[in-house]
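We will go from aromatic rings to a sheet, one selection at a time.

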Amino acid sequence: MLLRFTVENFLAFRDEAELNLLASRDDRHASHVTITSGLKQHRVVKAAAIYGANGHGKTKLIEAMSFVRDLLRHGTTGEDPIAVMPFRPEPEASARPAKFTFDINVDGVDYEYGIVVASDRVCEEWLFTTRKGKSIPMFERATTKATSGEYITEVQVGQGFRKSAEEGRKKGFVDFVAFGTRPTQPFLTESIERNIKEFAPIHNWFSHQLVILSADATYASLPIRAKDDQKFIQFVSDFMRRADIGIDHFEAEEKPFELSKLDIPEEFHREIQQQCEKGGIVLLGNSDQSSIAVKLDDHGRFVRVGLTSVHKAANGRLTNFAFDEESAGTQRLMHLLPLLLDIRTQDKTYIVDELDRKLHPLLAYRFLDAALSEDTIGQLVFTTHNIQLLDRELLRRDEIWFVEKDRDGASHLISLANIKVRPDLRISKGYWAGRFGGVPVDGRFAEAAIPDTYAEADNHAH
C-alpha cells in the first residue's frame, strides 16, 4: 500500500512535490480509510483524484512513479545512460540529480525506499524499515565519481538487513554484490538478480502491486480472463446491468482463426503451436497495438478467443454484439473493470492517467463510487478533468489533489485537505472559479464562463 510519494527535479517538478495518502482528521466517508496491519498502524485513504489544467503536470506525476518502477523492474543495460529527465525550464537543473522516495506498507511492514538519479549514475539509494516506531536502515548506497573518472559504489548494510537475514548469511556477499553493481544500476535491482531475498518484498511491490496505466492502456488479457474466470464475467455483467447501458451480460466466444495469415517468422509459428498444444492461450500483439488471444479447440484447430456483449431489448429479446462493435466508452469501461475487481480482492495500488477518458460523467461517478466501496482493500490514484467527481458525497477532502504550474513553469501539488474552505462550499464551483488553482484561465473568467445550464444541473444534483 502506498503511503507517500515525493519527486524533485524531474520533468515538470523542480521543487519537491508530495502525494500523501495518509488520512487526515476528516470524519466523512470513514469506509474510505484502510487501517494497515503491523505494530505501527496507519490510516490510509483508498483513493486520490488529481486535478489540473492541461500541461500543468498531472501526467508528469504519474510518469515520475513509472520511471522509478521501470528502472527497478528492468534495471539498466551495459554503459547506457539512465534516461532521467530533469526540470527543463532552468538549465542549471540539468546539473542536479532527480530525487524520488516511496513510503509503502507491505504485509504490515513499513518501508521507505529512496533513489537519487543522474544520467551517469545512481548517486544515492536507500531502504529503511520501521521497528517499534524507529526508522532502521536496511541498506544505504552512494556512487561517487573520482577525479580519475572512475565510479566508486559503496553500500552500507544496516541493522534492518542483519536482523532479517537468515542464519549464516555473510555480510561479505552483500559487499560482493555492491562491488559488482554498475554505477547506473539500482542496488535493489542488482540484489534481486543476485537472489538477496531480504529485499524481495519491496521489489515485488514495485513489480506486481504498483500498477500504472496510461490514458490509452488496455487490458490485454481481457478475453483470456473472460474465458477462464466465471467470477470475472459475472462481476462485469452485474456492473453493466447496474450501469443501465443496455448490456445484459458478456460471454466468451471462439471463432476459427488461421495462424498462417500472421506475418511472423516460422519459428514463432512453431512456438505458438507448442504452447497451444500444452493447453494454453497465447496472446498475440497486432500492429495497431491491440491484441488477440488464440488457442486450439478440441479438434486441434486454432480459434480466436473473444468477448461478446449480449444486449437485452425491452421485449426481452437478446442480441449478441462483438466487443469491437461496442462504443469506445463501453470498451474503455470493460478494460477498467478488472482494476475494480482487483482492488476489492488484492492489496494493489493502481495509478491511472485520465481514469474517466471516454466515459460519461455519470458512469465515471458510478465507477469511482464502486471503487470506494467498504470491501475495497486496494488503492486507486487517478488524474481527471471531470468536475462531477468533485463532490463531498463521493470523495473526502484528503482524496482530492490539485496540480498547478507557477510562472517559472514548475508544477506544485496540493491537497484540498490543506486548503481552508467553508463546510458548505461546492467544491466543483470553487474549482471552476480558480479557487484551488489547476484551471487554464484566471478565476474571474472561469467564474463567468460557467454555463447557466450546467450550474442548474449541478445545483439539482446536490
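How many aromatic pairs does the structure hold? The count is 13 aromatic pairs, and please keep in mind throughout that this is a predicted model.

**First stop: Phe10 and Phe100**

Select Phe10 and Phe100 and look at their rings. The centres are 5.1 Å apart and the planes stand at 70 degrees, so this is an edge-to-face pair; the cut-off for that label is over 60 degrees. Now colour by secondary structure to see what the two residues bring together. Phe10 sits in the loop between strand E1 (2–8) and strand E2 (17–20), while Phe100 belongs to strand E6 (residues 98–106).

**Second stop: Phe187 and Phe199**

Move on to Phe187 and Phe199. Here the ring centres lie 6.2 Å apart with the planes at 65 degrees, so the pair is again edge-to-face. Phe187 is in helix H4 (residues 187–193), and Phe199 is in the loop between H4 and helix H5 (200–209), so the contact ties together parts 12 residues apart in sequence.

Select Phe5, Phe102, Tyr113, Trp205 and Phe206 together. Ring pairs link these five residues into a cluster.

Hide the side chains and show the cartoon. Which order do the strands of the 6-stranded open sheet follow? Trace E11-E17-E18-E5-E19-E20, and expect mixed pairing along the way. At the edges you will find strand E11 (210–213) and strand E20 (411–415), each pairing on one side only. Looking across the sheet, you can follow a twist that averages 15 degrees from one strand to the next.

Zoom in on E11 and strand E17 (residues 349–352). These strands run parallel and are joined by 4 bridges. Select Val211 and you will find Tyr350 of E17 standing opposite. Finally, bring back H5, which packs on the sheet and touches both E11 and E17. The direction of H5 makes about 30 degrees with that of E11.

Conventions
Residues numbered from 1 in each chain as written. Predicted model: local features only at pLDDT ≥ 70, side-chain atom pairs only at ≥ 80, totals over all residues. Heavy atoms only, no water. Phe/Tyr/Trp six-rings, centres within 6.5 Å; stacked < 30°, edge-to-face > 60°. Helix = DSSP H or I, 4+ residues; strand = E, 2+ residues; numbered from the N terminus. Pairing = 2+ DSSP bridges. Axes fitted to C-alpha atoms, helices over the stretch in contact; angles between N-to-C directions. Contact = heavy atoms within 4.5 Å.
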